[in-house]
Amino acid sequence: METKVNPHIFNADKKQGVYDAIYSRRDIRKEFLPDPIPQEMLLKLLDAAHHAGSVGFMQPWSFVVIDDLDIRKEVKASFETEHLRAAQNYEGSQKELYESFKLEGILESPINVCITCDSTRAGKHVIGRNSIPETDVYSTCCAIQNFWLAARAEGIGVGWVSILDNTKLKQLLHLPDSVTPIAYLCVGYVNHFSDQPLLEKAGWRKRLPLEELIHRNKWGNK
Ligand SMILES: Cc1cc2nc3c(=O)[nH]c(=O)nc-3n(C[C@H](O)[C@H](O)[C@H](O)COP(=O)(O)O)c2cc1C
């Protein structure tokens, strides 16, 4: 029988590139280099984000690129407040460990990018969003992941900071009512990408075994 070659498969190098980006992507919070990110490079990453899938092709995202140090200092102040608040969730050695983590690189990275979601972007009726309105946020997360992976391929580190007061962030960035900040990202070149998540390295949490997460037909069937 004639074996058919699937013409859509990437060649080996291209395929490896995709997996390399996925497996070596890391959340970066420290050791950012001060080197600026050239405008064309930033546009390339934002364009990768802009090519994510979105519900009803809604494209609900926008990108607020922040290099203003005064704004970043205010974001950092929000982080400090929220970080203290979060530390109250832990006790004893766990609290000590939590407090030892560096969980943002807001001032050290050369730029911050806030990826937002506009729930009104494509009008009242969006194909695919009628039953699950949160699909606008899901779509924005797809754009964020594209940005993160493209940045990794370009040797650029990205750190997601969610220890922030979103209401304050919205005010600081003058976001309109319908626009919500989804990801606040610290972006910059780095010398090093760890081979493991920093939280795994520090013994906070391990990667779960994949088999535990797969169910056959119904939850619990292995
Ligand atoms: C939605 C989201 C929010 C996150 N918020 C923070 C954060 O506030 N501070 C931080 O240091 N890392 C944050 N992270 C990064 C995670 O800690 C990191 O993705 C996880 O530990 C796995 O590590 P890896 O991204 O290097 O694989 C966030 C990641 C996601 C996806």
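I worked from a predicted model, where local features need pLDDT of at least 70, side-chain atom pairs count only at pLDDT 80 or more, and totals for chains, interfaces and linings use all residues. Residues are numbered from 1 along each chain as its sequence is written, and side-chain values use heavy atoms, with hydrogens and water left out.

Salt bridges. I searched the whole structure and found ten; the criterion is a side-chain nitrogen of Lys or Arg within 4 Å of a carboxyl oxygen of Asp or Glu. K95 pairs with E99, with the closest N and O atoms 3.9 Å apart. The two are four residues apart in helix α4 (residues 92-100), so about one helical turn separates them. K102 bridges to E104 at 3.3 Å between the closest N and O atoms. I then checked burial (buried under 20% relative accessible area, exposed over 50%, partly exposed in between; 1.4 Å probe, protein chains only). K102 is partly exposed at 28%, while E104 is buried at 5%.

Patch. D67, D68, D70 and E74 gather in a negative surface patch (over 30% relative accessible area, no salt bridge, like charges joined within 9 Å). D68 sits in the loop between β1 (61-66) and α3 (69-87).

Definitions and conventions
Patches are made of residues with over 30% relative accessible area and no salt bridge: like charges are joined within 9 Å, nonpolar side chains (Val, Leu, Ile, Met, Phe, Trp, Tyr) within 5 Å. Accessible areas come from the Shrake-Rupley method with a 1.4 Å probe; for residues, only the protein chains shown count as cover. Lys and Arg count as positive and Asp and Glu as negative; His and the chain ends are not counted. The place of a charge is taken as NZ of Lys, CZ of Arg, CG of Asp or CD of Glu.
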